[in-house]
Amino acid sequence: MQVRVFDQTEEMQDLRDEIEADDEEAQEEKKEEWLETSTEYEQHIAQASKMTCLYERDMDDVLVHDAKSCTECYLERVARRMRIQVHERYLSDDDTLAKATVFELAIPEAFAAWRDATWVILRDMMRPQQVFSDKPPHLTIHEYPPFADYVEHVPKVLLASKTKSFMKTHYASTSLPVTLEKLILPSGLKYALLDTSGYFTARQIHTPSLSELVKPKLSSKSPFSSLTASLHPKSGVTGITSNEVIAWQTSVPRGMSVLEGWSFQELRIGHNLQWPRLPRELTSPVLNFANEAVSLLVRQLALQAGPKDCAGSLRRVAHWPFEDRELCNAMLTALARRVTAVSSNYRECDSVETYLTLILRLITLTTI
Ligand SMILES: [Zn+2]
């Protein structure tokens, strides 16, 4: 995307030309510095080669090397200690990376605001767990000295390098003699998008979901509060398994019958079976639809879209029963009986709301 915008934006192309012109100017300066330093080095070496080491007789009349006063050794030492800083190219040699870098430096304010806001929603609301990078960022493009003059504003999501700039490593300077080719290094920065709170965006592999934010809450006093796995299955999970329901019978909470707990949990076993089980529960007296937990469970079941159908149908996996006329009729008949049965009871507001939700879903999702 960055590359496409770059290719269509004259200002960004001009900025790249400007950065590359500055880079070439800096390279020319480096070349002059290299010529001067190399000449100085060669002069020291040439001067030293014309000399011989200084020897003096010690107290025992033995000839010893006077390293402190030896001019030849001094000149060699000076030459050996001479160093010159390398030049790191400002932009990557890879054309795509270079264009992306320029895009990020001149990022349109509106695009940055949109991307920042989208990322904050993804990060703070839809991905409670963040994945730290095993390699922390060394610097962002906005902190890289050669780009200091081009930065206009710093967004929350920006390019950062996992690798150090050559200027911050032991390659930053080199001893002489050295060829000019070894002084001009390619950019050592390997960029990736970074959220300024410290996370690389590409590392965030958890599927974003708002599921946890819409999780229904039950009073801890409700006997159904121990069955939250059925009430609100995690994203991509079909509640609990049949075996788990059977195992649960050994720990039925007080205030709930085994049959009631069983029917409650069975309603959420398997996306394919949720809707077909509803007519059975609507015609059975086991579940009390006026109960807050039962209402929540059925409304969650009715309103949650669930996984998409991989076979290519526009319907979700759980919604196949809406193509089955008999099943839809059975549901409508059961709902009609329920509504008629509670029509004179003003205490059945919750159950009527649940029945209405089911009827509306039937009207919306069925085509027969
Ligand atoms: Zn010497």
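Here is a walk through this structure, from its overall outline down to single residues.

The model is a predicted one: local features need pLDDT of at least 70 and side-chain atom pairs count only at pLDDT 80 or more, while totals for chains, interfaces and linings use all residues. Residues are numbered from 1 along each chain as its sequence is written.

Let us start with the whole chain. Its secondary structure comes to 13 helices and 10 strands; these are DSSP runs numbered from the N terminus, with helices (H or I) of at least four residues and strands (E) of at least two. The chain is more spread out than a compact globule, because its radius of gyration is 37 Å, well over the 21 Å that the globule rule gives for 368 residues. That radius is taken over C-alpha atoms, and the rule is 2.2 Å times the number of residues to the power 0.38. Along the principal axes, the C-alpha atoms fill a box of roughly 125 × 60 × 35 Å.

The domain assignment gives domain 1 (2-203) and domain 2 (211-365), with bounds that come from an automatic or database assignment. The centres of domain 1 and domain 2, taken over C-alpha atoms, are separated by 62 Å.

Now look at the sheet. It is an open sheet of 4 strands in the order β5-β6-β9-β10, with antiparallel pairing; two strands pair if DSSP finds at least two bridges between them. The edge strands are β5 (139-140) and β10, each of which pairs on one side only. Between β5 and β6 there are 2 bridges, and T140 stands opposite A160 in β6. On to the next pair: β6 (residues 157-161) and β9 (residues 191-195) are joined by 5 bridges, with A160 opposite A192 in β9. Finally, β9 and β10 (residues 199-200) pair over 2 bridges, and F200 in β10 is the bridge partner of L194. These two strands form a hairpin with 3 residues between them, and G198 in the turn has a positive phi of about 110 degrees.

Next come the cores. A nonpolar core is a set of buried Ala, Val, Leu, Ile, Met, Phe, Trp, Tyr and Cys residues joined through C-beta atoms within 7 Å. A residue is buried if 20 or more other C-beta atoms lie within 10 Å of its own, exposed if 12 or fewer, and partly exposed in between, with C-beta atoms placed from the backbone. The largest core has 23 residues, and among those that touch the most other members are V102, F103, L158 and A160. Contributors of at least two residues each are α2 (10-49), α4 (95-105), β6, β9 and β10, and α4 gives the largest share, 5 residues. A second, separate core of 11 residues includes L227, L231, F264 and L301.

Helix α10 (residues 274-283) has Q274, W275, L278, P279 and L282 buried. Seen down the axis of α10, these buried residues fall within an arc of 150 degrees, so they line one face of the helix; the arc is that of the directions from the helix axis to the C-beta atoms. Their cover includes α11 (292-303) and α12 (325-342).

We finish at H65, in strand β2 (residues 63-65). H65 counts as exposed because it has 12 C-beta neighbours inside 10 Å. Not counting residues up to four places away in sequence, H65 touches C53, Y55 and C70, where a contact is a pair of C-beta atoms, placed from the backbone, within 7 Å.

Key
Contact = placed C-beta atoms within 7 Å.
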